Amino acid sequence: MNLTRREFGTLALTAIPAAQLYAQGHKPNSLINGVQLGTITYSYRSMPDQSAEATLRYIVDSGISAIELMNGPAETYAGAPSAGRRGGGGGRGQAPTPEQMEAQRAAAAQLKEWRTSVSMDRFKALRKMYNDAGVTIYAWKVLDPAMSDAEFEYVFDVAEALGCTHTTLELPTDAAQLKRIGQFAEKRKIYAAYHTHTQATMTAFDEAFALSKANLSNIDLGHYVAGTGESPIPFLRKFHGRIASVHLKDRTTPAHGAKNLPWGTGDTPLTEILQLMKRERYTFPASIELEYDIPGGSNAVTEVARCLAFCTHALA
């Protein structure tokens with residue numbers, strides 16, 4: 001499906017009536033012809049309010065019923081100390097001062113203390129709030145290989161409280177880390193799904209897969225195209241049984257500048273990907289990740305709805 005920017009823009013019109021329905025209390029449903037479409041809440045990073053409540057409104061108004069949740073809204077809702085979740089430094093392009101570095105260390109220690117002692121009650125309340133609105137949380141992203149065992153337990157405790165099937169993180173290159181994470185995932189019966197950017201290839205996950213049956217893929221199919229210049233269809237066919245979820249975006253190949261473009265105008269075979277998922281009845285979610293430039297007069301909610309409309313059209 002090759003669309004012009006104008007044609008892609010008209011897809012938003014199909015999403016407007018849906019958004020009005022959700023505003024009236026109707027629940028969203030982004031399970032389209034057997035394919036579970038969702039979004040990662042990173043897509044709404046440009047929106048002014050990053051609270052869990054506001055993020056839920058963005059999700060519902062986009063027509064989305066399943067998500068990969070970033071840690072910011074979840075931990076804020078649960079009462080995390082705000083200083084520990086913000087970066088610090090001496091300003092853009094400047095090294096932090098010794099005082100700023102000490103403040104960062106203190107904030108990180110405060111956040112670690114909070115994470116390893118907090119009750120799961122608020123996370124359970126967040127899950128209920130989202131579920132009551134028609135939104136399930138299939139994954140959340142906060143896991144870091146540098147975390148202590150106690151912090152790992154926290155990550156998997158939260159994943160369980162939110163009802164996640166997996167937790168996501170960037171793909172490590174250290175085999176010891178992959179084994180350690182996989183062992184935690186096996187013990188907790190919640191998968192660890194590794195995200196990739198342009199380093200993804202047909203063999204990028206081989207070591208992770210070999211080290212633990214609980215190590216799965218959270219591959220970004222647009223980044224795959226931008227990194228390899230090839231279609232990700234062969235990857236999906238070969239490894240569909242080891243995929244927890246995928247990210248969708250439209251990027252061009254390296255030969256075309258590896259650009260991030262409105263859907264249907266790049267080189268990522270989004271329609272073919274979605275048709276394959278429908279035909280083969282793949283059950284892993286496909287997460288819309290909004291990374292192209294938002295046009296003037298629009299916002300992230302409208303653009304995610306537009307991407308969902310593209311998927312719905314592709315799956316018809």
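Biologist: Please describe helix 12 and its surroundings closely. Which residues of helix 12 meet helix 13, and which residues of helix 13 do they meet?

Modeller: This is a predicted model, in which local features need pLDDT of at least 70 and side-chain atom pairs count only at pLDDT 80 or more, while totals for chains, interfaces and linings use all residues. Residues are numbered from 1 along each chain as its sequence is written, and side-chain values use heavy atoms, with hydrogens and water left out.

I begin with the setting. The protein has 13 helices and 11 strands (DSSP runs numbered from the N terminus, H or I of at least four residues for helices and E of at least two for strands). Among its 316 residues, 50% count as buried (under 20% relative accessible area with a 1.4 Å probe, protein chains only; exposed is over 50% and partly exposed lies in between). Of the contacts in the protein with a separation of 6 or more, 76% are accounted for by residues 24 or more positions apart (contact means heavy atoms within 4.5 Å).

Helix 12 covers residues 270-280, and its axis comes within 9 Å of the axis of helix 13, residues 300-314 (axes are lines fitted to C-alpha atoms, for helices over the stretch in contact, and angles run from 0 to 180 degrees between N-to-C directions). The two axes cross at roughly 60°, and helix 12 and helix 13 are therefore oblique to each other (under 35 degrees is roughly parallel, over 145 roughly antiparallel, 65 to 115 roughly perpendicular and the rest oblique). Helix 12 passes helix 13 in a right-handed crossing (the near helix is turned clockwise from the far one by less than a right angle). To answer your question, Leu270, Thr271, Leu274 and Gln275 of helix 12 meet Phe310, Cys311 and Ala314 of helix 13. By class, the residues of this contact of helix 12 with helix 13 are 5 nonpolar, 2 polar and no charged (Ala, Val, Leu, Ile, Met, Phe, Trp, Tyr, Cys and Pro are nonpolar, Asp, Glu, Lys and Arg charged, the others polar).

The buried residues in helix 12 are Leu270, Thr271, Ile273, Leu274, Leu276 and Met277. Just after helix 12, Arg281 takes a positive phi of about 60°.

Ala286 is found in strand 11, residues 286-288, and is buried, with a relative accessible area of 0%. Beyond its neighbours within four places in sequence, Ala286 is in contact with Met277, and also with Gln36, Leu37, Gly38, Val246 and Leu248.

Together with Phe123, Trp140 and Leu248, Leu37 touches the most other members of the largest nonpolar core, which has 84 residues (buried Ala, Val, Leu, Ile, Met, Phe, Trp, Tyr and Cys joined through side-chain atoms within 4.5 Å). With neighbours within four places in sequence set aside, the contacts of Leu37 include Leu274, Ala286, Leu248, Leu308 and Cys311.

Asp250 lies in strand 9 and is buried, with a relative accessible area of 1%. Not counting residues up to four places away in sequence, Asp250 touches Leu270, and among its other partners are Lys259, Trp263, Asp267 and Thr268. Asp250 and Asp267 are 17 residues apart in sequence and 6.6 Å apart from C-alpha to C-alpha.

Helix 12 also belongs to the cover of helix 10. Helix 10, residues 221-228, is largely enclosed by the rest of the structure, because 6 of its 8 residues are buried. Those buried residues are Leu221, Gly222, His223, Tyr224, Val225 and Ala226. Besides helix 12, what covers them includes strand 6, helix 11, strand 8 and strand 9.

Finally, helix 13 has another partner. Helix 3 and helix 13 pack at an angle of about 35°, with their axes 8 Å apart, and helix 3 passes helix 13 in a right-handed crossing. Tyr58, Asp61 and Ser62 of helix 3 make this contact with Val301, Val304, Ala305 and Leu308 of helix 13. The contact of helix 3 with helix 13 comprises 5 nonpolar, 1 polar and 1 charged residues.
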